[in-house]
Amino acid sequence: MASRLRRTLLAALLAAAVAVPVSAAARPSAVPAPEPAALAPLSAAELPALDARYAITRAGIRAAARVADGHEDHRRARALRAMAADGRQFLTFDGRDGGRAAEVFGDLARADRVTVLVPGSDTHLDTYARFRAGAAALHRALRATGADRTAVVAWLGYATPATVGTDALTSSRAEEAADELAAFVGELRAAKGAAPVSLLCHSYGSVVCARAAHHPKTEAVTDIALFGSPGTGADSAAALRTRATVWAGRGGDDWIAGVPHVRFELLGTEVGFGTDPVTDAFGARVFDAGGGGHSDYLRPGSTALRNLALIAAGRTAEVSRA
């Protein structure tokens, strides 16, 4: 009976996602952008010359801003000009189709630990500032733990789904994104050798990380932290088939707790993401995420941010558990 009710609720949510107008939450309409400069995969040989790479991507962002202005999308242009400010460090940038970018916080060349932050729904160039703010807060929190030689990469490497929409209920966006994430982690491994890599995955980003977890290129990953997760599509942490330690946390006021944690086929498509990652049944290490909401995990001073920073710093014995 309970299972039937959960399925009914999720089916209703799917119907609402199709029927409800989503103009405010949908991804931005296509804005023309120049093709990005061709960049070689990140490697150890390139690390001493990262400033040159950052200069190339900065020029590409400024070119995209000029095109956006010409297209009279001044909101996008403003966002891009902010991204192109002196001192910003982008490993990659592509202004097409909502945008792709990988921004570094810290000195990647000297870092002995690297954290990759993977965003959830409604993250694109127009909303990039809030994603960046979270990454910057995470880097500051890492430094506060004493992890001075560390780098955080804000990885917007996929077309995120809209929160209100059918894509957010299926793994369709996550499948392709997982390959891109694994390839990026593989480049980090090639460049940084034995430096531990952690994945911190918010909301729908946890579905992406779960899909990438077993990929051979993610073998360097030591920890995967899922927060604000709707589920992963796997029944358990063991089913992710990773040697990384899997963590999960959810804020006390996060609306995602009300999403039915089921998975079933509807009209030929698998809907839902199954087991709740913060339950005993999933088997992750559950950390205390405080009392915040869905967008509060990286809020400065929060319990969630402190614990995520400790996970990323490798100081896992100090993580407070839920």
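**Close-up views of a predicted model**

**View 1. Arg81 and Asp69 form a salt bridge.** In this predicted model, the closest N and O atoms of Arg81 and Asp69 are 2.7 Å apart. The pair links distant parts of the chain. Arg81 sits in helix α3 (residues 74-83) and Asp69 in helix α2 (residues 50-70), twelve residues apart. Arg81 is partly exposed, at 44% relative accessible area. Asp69 is partly exposed too, at 28%.

**View 2. Asp126 pairs with Arg76 in a salt bridge.** Their closest N and O atoms are 2.7 Å apart. Asp126 lies in the loop between β3 (113-118) and α4 (128-144), and Arg76 lies in helix α3, so the pair ties together parts 50 residues apart in sequence. Both Asp126 and Arg76 are buried.

**View 3. Arg88, Glu103 and Arg132 are linked in a salt-bridge network.** The side chains of Glu103 and Arg88 meet at 2.4 Å, N to O. Glu103 belongs to strand β2 (residues 100-105), while Arg88 is in the loop between α3 and β1 (90-94). Glu103 is buried, with a relative accessible area of 1%. Arg88 also counts as buried, at 12%.

**View 4. A disulfide joins Cys201 to Cys209.** The structure holds one disulfide. Its S to S distance is 2.1 Å. The link is left-handed, with -95° about the S-S bond. Cys201 is buried, at 0% relative accessible area. Cys209 is buried as well, at 0%.

**View 5. Helix α5 covers residues 172-192.** Its 21 residues should span 30 Å at 1.5 Å a residue. The end C-alpha atoms are 31 Å apart, which agrees. Its buried residues include Leu181, Phe184, Val185 and Leu188. Gly193 follows α5, with a positive phi near 60°.

Methods
Residues are numbered from 1 along each chain as its sequence is written. This is a predicted model: local features need pLDDT of at least 70, side-chain atom pairs count only at pLDDT 80 or more; totals for chains, interfaces and linings use all residues. Side-chain values use heavy atoms; hydrogens and water are left out. Helices (H or I, at least four residues) and strands (E, at least two) are DSSP runs, numbered from the N terminus. The expected span of a helix is 1.5 Å times one less than its number of residues. Buried means under 20% relative accessible area, exposed over 50%, partly exposed in between (1.4 Å probe, protein chains only). A disulfide is a pair of cysteine sulfur atoms within 2.5 Å. A salt bridge is a side-chain nitrogen of Lys or Arg within 4 Å of a carboxyl oxygen of Asp or Glu.
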